[in-house]
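Hello,

Here is the structure I promised you. Please open it and follow along with the notes below.

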Amino acid sequence: MDNKDFKRIVVKVGTSTLTHDTGKTNIRQMKKLVAVLSDIVNSGIEVALVSSGSIGVGAGKIGLEKRPNDTTSKQALSTIGQCELMFMYDKMFSEYGHSVGQVLVTKRNVEQEETRKNLINTFEKLFEYGVVPIINENDAIAIEEIVFGDNDTLSAIVAKLVGADALMILTDTDGLYDKDPSEEGAKVIPVVDTITESLFEVAGGRGSKFGTGGMITKLQAAQIATEAGIDTVVCSGDKPENLYKVLEGKQVGTLFKKKD
């Protein structure tokens, strides 16, 4: 990634980063993430946060041992978990002097011209107010993301909508590996110039117990973003401070280079 002055970035955080294996919120990780994002905003960079986790947190809050499979249960759990997530984000960001705004969207909102314009205008006004938008799909009424992804694609769409300089996807691996990470000798691919079908074959695998994503959905997101001229980085969410290194132009995780 070019070492340049970033003006606006989109950061996506997954369920695996926000929750423990129990499904309960990983408070320590959330605090670390919020601290780093707040500091980045303090430096003059606008940040939009695409946050998964509502279904996982909802399941954990009411004591379910695992994520349910039926869509109706997931939709109900998302309403419980979303309240919890936003309460915590609001509290944590406010400790650093920042306000947050919730933006819940559906695929239809993005596809329809009028609602798409409304979304863009809302984002721009939030940035103007110095507010950190926190985005999630409106799972209670839309099932596309519940079935097919973990907000990875949504993060790329948001990056396009707001004209971001970079998309940073935080996950539970160090990046895209050249083979199954559990195999001996597996290495992170530092830079991807072109996303090919062979990469999708390498990226096959399941997501976490409480999430729905995997590396395939992250590749799909990177494909959308890079084709829109947005550099994309996939790296571990265990160390949110890695975002500083990315902004400094240092190599972290896997960089998917934007298409000129």
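Buried means under 20% relative accessible area, with exposed over 50% and partly exposed in between (1.4 Å probe, protein chains only).

A word on the source: this is a predicted model, where local features need pLDDT of at least 70, side-chain atom pairs count only at pLDDT 80 or more, and totals for chains, interfaces and linings use all residues. Residues are numbered from 1 along each chain as its sequence is written, and side-chain values use heavy atoms, leaving out hydrogens and water.

Which strands pair with E7? Strands pair if DSSP finds at least two bridges between them. Strand E5 (residues 166-171) runs parallel to E7, joined by 6 bridges. There, Leu170 sits opposite Cys235. Strand E8 (residues 254-256) pairs with E7 in the antiparallel sense, over 3 bridges. Here Val233 faces Leu255.

Now look at helix H8, residues 152-162. In H8, 8 of the 11 residues are buried, so this helix too is largely enclosed by the rest of the structure. Among the buried ones are Leu154, Val158 and Leu161. Just after H8 comes Gly163, with a positive phi of about 65 degrees.

Best wishes

Note on methods. Helix = DSSP H or I, 4+ residues; strand = E, 2+ residues; numbered from the N terminus.
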